[in-house]
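Q: I'm new to this one. Can you walk me through it?

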Amino acid sequence: MQRNWVGSGLLALMLLLGALQDSVAAAAGAPRGLGAEDPVRTGADQQAAVRVNEAIHVVYGFGNTFLVTTPGGNVIIDTSMAARAVRAREMLDAVSREPVRYVILTHGHGDHTGGLATWMETGTQVVAQAEFAEFLHYQARLAGFFGRRNAAQFGLPVPPERGWAGNFGARVPATILFDEGYDFELGGTRFELLHTPGETPDHLTVWIPQYKAAFIGDNYYESFPNLYTLRGTRPRWALDYVESLDRILALGPELVLPSHGEPIVGNAAIVAALTRYRDAILYVHDAVVDGMNAGKDVFTLMREIRLPAELDVGEGYGNLIWSIRGIYEGYAGWFDGNPATMYAEPPAGVYADVVGLAGGPDAITRLAAEQLDAGAPVRALHLADMALAADPEHRGALEVRIAALEALRAASVNSNERGWLDHGLQEARARLTATPQPAP
Ligand SMILES: [Zn+2]
C-alpha cells in the first residue's frame, strides 16, 4: 500500500523501522514459532519483557502476552496459559505497574485466556467478540474430550475430571462483548477492535492507529494455518481467514503482532507476509473445491495438492494434508459415498478375519516390517493395526508399530504431528511393557 510521506520523513521512518526490526530480532533469540521442537515451552527462558516500541512490550509464550501502556493506564492483549501468566506479569510489571484498565482476548483458546485471573484488578474491563461466549460453552461442553486430546497433542497432563458443565455451562469472564467492532480511548490512545474470524469464530484484531499496530491473534503465524487441528475442532473456514487478512492489510499496518511468534515490522514486510499467507490459504481452498467439484475423493486431494514454491509458508504447525481434509469435510461432512461407510461396522471390524486368512498375525507383521524397511512407515502402521486386531498382545506387531512411529517422528518437521507420534509411542511402549514375554 502506497502512502504519501515526503522523502525525508520516509527515510527517517525506514531507519527507525530498521532499528526496531533489529532490536526485536536481537532480543528474540531462539525461534519462537509454533513449529519449534516444543512450542508449549516457547519463551520459557525469557528473562525480561521485549520492547517493541515506546508503548508496546511483549512476553513470549504459548501464547504471547502484550502490554500497551497509555497515560491513562495499561491494556493487556492476551494472557497466555495459566501456568505462564504469573511470570509474564512479573516481567511486564517491571515495565509498568500502572492499573490494568482493559484485558483484550483475541479469542477463546486456553493459551490466550488461561492467565486472565492474573491480570484482573478492581475495575478491569475484559473485552472479547460476541462469539466468545458460545466458543467457551463449546469448549466446556466437550471439556473431557478436549482435555484428553490437548494433553496428547501438547504433551500436557490430563486435567482432572470435573463433571459435565452442561451445554451452556462455561463461565464467560468478558465484561464487554461486541459484534462487528468496538472502539475505545484510554489516556489519549485509541483502540479499535474488529471482528476478524479465522482460526476461531470469535477472533478479533486490535488496531491502534497511533502506532499503525495490528494485534492479530492466531490468524497469522509462521506456518500454514491449522485449518484443521488434530485435537479436534469445528471447521475453521478458509474464506474467513482470507477476508480477515484482507481487512488487516487494508489498515496499512506498520507493525503486526501475532500471538505466537514474533512481530512483523514495516509495511512492506507485512504486506509480503500476509499476502503470501492469504494466497496460500486461498490456493489450497480453491484446489480442494475444484477437486470436490471434479468428483475426487479426499485422500486423492491430500496426495495431489501442493503449494507452489512462492506460496510455501512452511508446515511447522498446521499442514496441508490435514487442512485439505478439514476443508473437504468442513464442507461435506464425513460420508465418502461408499455405501459400506453408512453403517456402524468400520473397516477394522474385518481385520482379524483377513489376518486369519493371510496366515495369522506373524505373517502380517512380516509384511509390516517389509513395508517399514521399504520406506513406507504409514503402510507398516496400518498392517500392524491389522495384526494387533487379531492379537492385541502380539509383541512383533507392537515392535513394528513402535519402529514405524519412531521413523515418522525422526522425519517430522511439524510440532503437532510430533505430539501425536509421541503420544502413540508412549501408548505402544506401555502396551509392549505390559505384554507377557514369550517363553524362552
Ligand atoms: Zn494460540
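A: Here is a quick tour by question and answer. Keep in mind that this is a predicted model.

Q: Let's start with the backbone. Which peptide bond is cis?

A: The bond from phenylalanine 62 to glycine 63 is cis. Its omega is near 0°.

Q: And where is glycine 63?

A: Glycine 63 sits in a loop. That loop runs between strand E2 (56-59) and strand E3 (65-70).

Q: Why point that bond out?

A: Because most peptide bonds are trans. Most residues other than glycine also have a negative phi.

Q: OK, phi then. What is the phi of serine 80?

A: Near 60°. That is a positive value, and serine 80 is not a glycine.

Q: Where does serine 80 sit?

A: In the loop between strand E4 (73-77) and helix H2 (82-93).

Q: Is serine 80 buried or exposed?

A: Serine 80 is buried. Its relative accessible area is 1%, and the cut-off for buried is under 20%.

Q: What about lysine 212, what is its phi?

A: Near 50°, again a positive value in a residue other than glycine. Lysine 212 is in the loop between strand E10 (204-208) and strand E11 (213-217).

Q: How accessible is lysine 212?

A: Its relative accessibility is 23%, so lysine 212 counts as partly exposed.

Q: Switching to sheets. Which strands form the open sheet, and in what order?

A: There are 6 strands, in the order E8-E9-E10-E11-E12-E13. The pairing is mixed.

Q: Which strands stand at the edges?

A: Strand E8 (181-186) and strand E13 (264-265). Each has a single partner strand, so one side of each is left without a neighbour in the sheet.

Q: How do E12 and E13 pair?

A: Strand E12 (residues 255-258) and E13 pair in the antiparallel sense, over 2 bridges.

Q: Which residue stands opposite valine 265 there?

A: Leucine 255 stands opposite valine 265 of E13.

Q: And what actually holds paired strands together?

A: Strands of a sheet pair through backbone hydrogen bonds, either parallel or antiparallel.

Q: Back to single residues. Where is threonine 189?

A: Threonine 189 lies in strand E9 (residues 189-195).

Q: Is threonine 189 buried or exposed?

A: Buried, at 2% relative accessibility.

Q: What does threonine 189 touch?

A: Leaving aside residues up to four places away in sequence, threonine 189 touches Thr70, Phe184, Ile208, Gln210 and Tyr211.

Q: Helices next. How do H12 and H13 cross?

A: Their axes cross at roughly 170° and come within 8 Å. The helices are H12 (residues 361-373) and H13 (residues 377-390). Angles over 145 degrees count as roughly antiparallel, so H12 is roughly antiparallel to H13.

Q: Which residues meet between H12 and H13?

A: From H12, Pro361, Ile364, Thr365, Leu367, Ala368, Gln371 and Leu372 take part. From H13 come Pro377, Arg379, Ala380, Leu383, Ala384, Met386 and Ala387.

Q: What classes of residue are in that contact?

A: The contact of H12 with H13 has 11 nonpolar, 2 polar and 1 charged residues.

Q: Last topic. How many salt bridges does the structure hold?

A: The structure holds 16. One of them joins the side chains of arginine 278 and aspartate 246, at 2.6 Å from N to O.

Q: Where do arginine 278 and aspartate 246 lie?

A: In distant parts of the chain, 32 residues apart. Arginine 278 is in helix H8 (residues 267-293), and aspartate 246 is in helix H7 (residues 238-250). Aspartate 246 is partly exposed, at 32% relative accessibility.

Q: What does arginine 325 pair with?

A: Arginine 325 forms a salt bridge with glutamate 329, with the closest N and O atoms 3.1 Å apart. Both lie in helix H10 (residues 320-332), 4 residues apart, about one turn of the helix. Arginine 325 is partly exposed at 33%, and glutamate 329 is partly exposed at 28%.

Q: And which residue does aspartate 385 meet in a salt bridge?

A: Arginine 401, at 3.2 Å from N to O. This pair also links distant parts of the chain, with aspartate 385 in helix H13 and arginine 401 in helix H14 (residues 395-411).

Q: Are those two ends buried or exposed?

A: Aspartate 385 is partly exposed, with a relative accessible area of 34%. Arginine 401 counts as buried, at 16%.

Key:
Residues numbered from 1 in each chain as written. Predicted model: local features only at pLDDT ≥ 70, side-chain atom pairs only at ≥ 80, totals over all residues. Heavy atoms only, no water. Buried < 20%, exposed > 50% of the residue type's maximum accessible area, 1.4 Å probe, protein only. Contact = heavy atoms within 4.5 Å. Pairing = 2+ DSSP bridges. Axes fitted to C-alpha atoms, helices over the stretch in contact; angles between N-to-C directions. Parallel < 35°, antiparallel > 145°, perpendicular 65-115°, else oblique. Nonpolar A, V, L, I, M, F, W, Y, C, P; charged D, E, K, R; others polar. Salt bridge = Lys/Arg side-chain N within 4 Å of Asp/Glu carboxyl O.
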